[in-house]
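Work through the exercises below with the sequence and the structure in view. Each task is followed by its solution.

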Amino acid sequence: MDVTDRSLPSIPSLPNLRDVGGYSTRGGSRVRTGVLYRSGALDSLAPEDEPAFDALGIRTVYDLRSAFERIDHPDPELPGAENVVIDMMGLVAGTNPNAIEQAMADTAAGQDVTGDDGGLSLFAAHYREFVTFPSARRSLGRLFGDLAGDNVAPALVHCMGGKDRTGWAIAALLTLLDVAPDDVMADYLLTNARLVSMQDWLADDFRMRGGPPDMVDVVLQARPQYLDSALDEMRKVYGDARGYFTSGLGLDPAQVESLRGRFLDGG
């Protein structure tokens, strides 16, 4: 596999900030670095890390979060960067962050939210919705349509932790670019290593409230079966990544080729 941790240790207050580029494709090209970054919420950016962040030259920030999340954790003002809100999941049933917080705070209510398997089926279903839900398709169509054009890169895409919504967006892009499936999966799973301190804190808090430890793992961890569910849905509904980007996200073939051209070197 061609996977390394592309996080940016010079910006420790954003532990899941990393460059999407650097991967080799099966056709012999390489995904360009410095074009697109992925992250969790930016409200944790510390003042001492601002110079290193500014040096990335981010021109556009795409925020996939709900209004609820943006109010509680507003992005900071970033000089020279446009903030584009593209609420990926809108009001789809079950994705309201209140439901997840309820699962974290109350064992009985959490059982109602996550079900008998501790939430595995719930999260697998959410990942399938990432592929087909109308607001998800509109949002990612906007993101990738913009990235296929001029004057938005370097760009950054983020949700809350950078795990689920951002995880699917980047996995879909890398799949379109023909990065090997094992590398796509490994990139998705890197979030677990980057957010381990946050996961440990939330798990400890959940256990103190009497909650089952396995439930918090299901909610907070990136798991292969989640991404597999989205990829399976993409193939079932659209055939392949190119079909998903055209029929699902609304890009025309010329935009898809432009997107590939902007992200790939050589090959």
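**Exercise 1.** In which helix is the place of Ser229? Then decide whether Ser229 counts as buried or exposed, and list what Ser229 touches.

Solution. The model is a predicted one.
- Step 1: Ser229 sits in helix α11, which covers residues 224–238.
- Step 2: the relative accessibility of Ser229 is 10%, and buried means under 20%. Ser229 is therefore buried.
- Step 3: leaving out residues up to four places away in sequence, Ser229 touches Ala124, Tyr127 and Arg128.

**Exercise 2.** Describe the second largest pocket: how much space lies in it, and which residues and helices line it?

Solution.
- Step 1: the second largest pocket holds about 330 Å³ of space.
- Step 2: its lining has 17 residues, and Arg26, Thr175, Pro181, Met234 and Ala241 are the closest to its centre.
- Step 3: at least two lining residues come from each of α7 (165–176), α8 (181–194), α11 and α12 (241–248).
- Step 4: by type, the lining has nine nonpolar, two polar and six charged residues.

**Exercise 3.** Which members of the largest nonpolar core touch the most other members, and what is Phe144 in contact with?

Solution.
- Step 1: the largest nonpolar core has 59 residues, of which Leu140, Phe144, Trp168, Tyr244, Phe245 and Leu259 touch the most other members.
- Step 2: α7 provides the largest share of this core, eight residues.
- Step 3: beyond its neighbours within four places in sequence, Phe144 contacts Ala169, Leu173, Phe245, Leu249, Leu251 and Leu259.
- Step 4: another core, of 13 residues, lies apart from this one and includes Leu8, Leu42, Leu56 and Leu156.

Technical notes: Residues numbered from 1 in each chain as written. Predicted model: local features only at pLDDT ≥ 70, side-chain atom pairs only at ≥ 80, totals over all residues. Heavy atoms only, no water. Helix = DSSP H or I, 4+ residues; strand = E, 2+ residues; numbered from the N terminus. Buried < 20%, exposed > 50% of the residue type's maximum accessible area, 1.4 Å probe, protein only. Contact = heavy atoms within 4.5 Å. 1 Å grid on protein atoms, 1.4 Å probe; cavity = no way out; pocket = protein on both sides within 12 Å on 5 of 7 lines; lining within 4 Å. Points joined across faces, edges and corners; volume = space filled by probe spheres on them. Nonpolar A, V, L, I, M, F, W, Y, C, P; charged D, E, K, R; others polar. Core = buried A, V, L, I, M, F, W, Y, C linked by side-chain atoms within 4.5 Å.
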